[in-house]
Amino acid sequence: MNKVIIILYFLCFLGAGRRGFDNALYQHADFPIGCAVTAGQFLKYQKYRRNILCYFNSLTTGNAMKMSYLHPSVKKYNFKTTDRVADICKKKGLLLHGHTLIWHSDYQIPDWMKNYTGNYKIMLEEHIRTIVSHFRKKVSSWDVVNEAIIDNIQNPPSEWKKSLRKSIWYSNAGTDYIGQAFCRANEADSNVDLFYNDYNLINNSKKLDTVIAMMEDFLKHNIPIDGIGFQAHILVDKPAIDNIKKALQKAVKTGLLIRISELDIRVNTKGRLARLTPEADAALSERYREVVFAYRKIVPPQQRAGITVWGICDGSSWYNQGYSRYPEWPLLFTDDYIPKQAYYGFIKGLTAYIPEKKK
Ligand code: XIL
């Protein structure tokens, strides 16, 4: 009898750890399903937090882990906000993806880095070592470098160094700053997965080939990299699904982990819509389905590092915060956290049957 009670207690204990309800995205997937969040809102608004915890099992802070927020002055790191986010993730069983240790984008480079007069290489090393060590056991993967390759590629992939963006990092820390960044991150936490993340990897095959050549070069020289992140800020009708599949196929051949790291889908690039019509939502739904399905079909289970949607409610998408000319509805939820048709399209993509490949 005692044994039965102990077993019952144990089962209740297991059950108590489970989150969400029975139609959450992540419950349909055998890989992480994530969402980018605004850290401040996540901590402050219970409703925002509750909805994210309910539907997703992975989280990326959309801004809070970028350079200027974590490292505002030369000797000062600000971990307060993100530590609280990381604690909640840990408690609730969500993975935390760190975005991003190095990026060229002006708004997130602190002024002190822009005006630095010391040795940039040493400064970046210290930046990476401090941040990655701090989040050891809290962050499960990092975007080590974001968007380091240019769009207008003029050189063959093997000469990828010639296609590096002439960023502040390239100019001051040298052409091997990317490989160095991966080495330093691995020294600080050898258990975390390390990603290179970029945009336009689907519709710009020269750029993808260049990124792949860089990653293969790193693998050849035992530089510790684990995966490639496809940002995937795409449109409802572009790029063609065949191009998405081809791009994933090429990346899969590297043997690295593949993440769709910042998925959102624009439907109003011509500005014809004043609201999201049921037809437009249906088109979005179909697009989410085909993209998610393509990911499952092309990327083998052991290489699936997950899909992250870049935000939760349409209104708070970066496109509606000044990054698009027209209003957009690129995400899965309305501003009242009601799942759109797009949400169910995502589930269809996660659950549709994939016939086994003939041996
Ligand atoms: C965006 C954030 O969502 C915005 O809030 C911010 O104003 C600009 O950056 N690629 C990336 C992300 O890697 O970090 C960007 O996030 C979107 C494009």
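**View 1. The second largest pocket holds about 250 Å³ of space.** This is a predicted model, in which local features need pLDDT of at least 70 and side-chain atom pairs count only at pLDDT 80 or more, while totals for chains, interfaces and linings use all residues. Residues are numbered from 1 along each chain as its sequence is written, and side-chain values use heavy atoms, without hydrogens and water. A pocket is an open set of points on a 1 Å grid over the protein atoms alone, where a 1.4 Å probe fits, with protein on both sides within 12 Å along at least five of seven lines; lining residues have an atom within 4 Å of a point. The lining includes R296, P300, R304 and K357. Helix 12 (residues 278-298) gives the most to this lining, three residues; helices are DSSP runs (H or I) of at least four residues, and strands (E) of at least two.

**View 2. The largest pocket holds about 910 Å³ of space.** Its lining has 42 residues, and the closest to the pocket centre are K66, H233, E262, W310 and W318. Among the elements that give two or more residues to the lining are helix 2 (39-44) and strand 8 (257-266).

**View 3. Tyr323 sits in a loop.** The loop runs between strand 9 (304-309) and helix 13 (341-351). Y323 counts as exposed because its relative accessibility is 51%, where exposed means over 50%, buried under 20% and partly exposed in between (1.4 Å probe, protein chains only).

Conventions:
Points joined across faces, edges and corners; volume = space filled by probe spheres on them.
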